[in-house]
Amino acid sequence: DCDAHAARDAVREAFALELHNHQVSRVQVIKHLSAVAAVGEGMAMTLGVPGKMFTALASAGIAIRAIAQGSSTRNITAVVDRSQLCKAMRAIHSAFTLSAVPISVGIIGVGKVGRGVIDLIRTEHERIKKELHLDLRLRLVVDVGRTLVKPERISLENFDQEWEEAKSDK
């Protein structure tokens with residue numbers, strides 16, 4: 001709070017004439033906000049980057065409280081409610097495909113088809129992640145008498161061992 005009030009006082013001092021002449025109405029501290037930015041070398045030469053960022057935030061239902069662009073044209077910053085910061089970052093990452101979209105996968109039945117799907121995810125996971133920007137996460141496998149559930153993902157490398165050790169649901 002001390003830094004915020006010191007910054008407010010410094011801005012008031014810097015804009016004293018404008019405040020006095022009513023060119024600036026007021027300077028105030030607003031709490032619980034965060035800045036989120038898109039930064040990149042190619043931004044200056046790429047059309048539509050700010051629009052793409054703001055559209056992603058709007059589509060995610062995030063209100064933009066303020067906007068700023070750096071003097072180098074290598075970044076664009078939006079100020080959002082702190083409670084929506086993580087959601088804002090995910091929206092921007094998705095818009096620019098900076099991170100793969102997580103897809104939770106559940107397999108019911110570990111016969112030929114179910115085992116084939118597990119093997120396919122195991123062998124093609126990295127290619128799918130790189131080329132399609134999808135992060136397939138095997139989280140649930142169920143078969144007669146056995147269930148394997150993991151909150152994050154089931155290890156594809158150790159699937160056979162984990163499946164053998166899975167608790168019986170009988």
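Let's start with the rings: the count here comes to one aromatic pair, where rings of Phe, Tyr and Trp (its six-membered ring) pair if their centres lie within 6.5 Å. That pair is Phe159 with Trp163, and it is stacked, at 6.0 Å centre to centre and 15° between the planes. Planes under 30 degrees apart count as stacked, over 60 as edge-to-face and the rest as tilted.

Keep in mind that this is a predicted model: local features need pLDDT of at least 70, side-chain atom pairs count only at pLDDT 80 or more, and totals for chains, interfaces and linings use all residues. Residues are numbered from 1 along each chain as its sequence is written, and side-chain values use heavy atoms, with hydrogens and water left out.

**The aromatic pair**
- Both Phe159 and Trp163 sit in helix α6 (residues 159-165), four residues apart, about one turn of the helix.
- Helices (H or I, at least four residues) and strands (E, at least two) are DSSP runs, numbered from the N terminus.
- Are Phe159 and Trp163 buried or exposed? Both are buried, meaning under 20% relative accessible area, while exposed is over 50% and partly exposed is in between (1.4 Å probe, protein chains only).

**The sheet**
- Three strands make an open sheet in the order β1-β3-β2, with antiparallel pairing; two strands pair if DSSP finds at least two bridges between them.
- β1 (33-39) and β2 (66-69) are at the edges with a single partner strand each, so one side of each has no neighbour in the sheet.
- From one strand to the next, the twist averages 20°.
- β2 pairs with β3 (residues 75-81) in the antiparallel sense over four bridges, and Ala68 has Thr77 in β3 as its bridge partner.

**Helices on the sheet**
- Helix α3 (residues 49-59) packs on the sheet, touching β1, β2 and β3, and its direction makes about 15° with that of β3.
- Helix α4 (residues 85-95) also packs on the sheet, touching β1 and β3, at about 15° to the direction of β1.
- Contact means heavy atoms within 4.5 Å; axes are lines fitted to C-alpha atoms, for helices over the stretch in contact, and angles run from 0 to 180 degrees between N-to-C directions.

**A look at α3**
- Val49, Met53, Phe54, Ala56 and Leu57 are buried in α3.
- Down the axis of α3, its buried residues fall within an arc of 155°, so they line one face of the helix; the arc is that of the directions from the helix axis to the C-beta atoms.
- Their cover includes β1, β2, β3 and α4.
- Exposed Ala58 and Ser59 are on the face of α3 turned away from its buried side.
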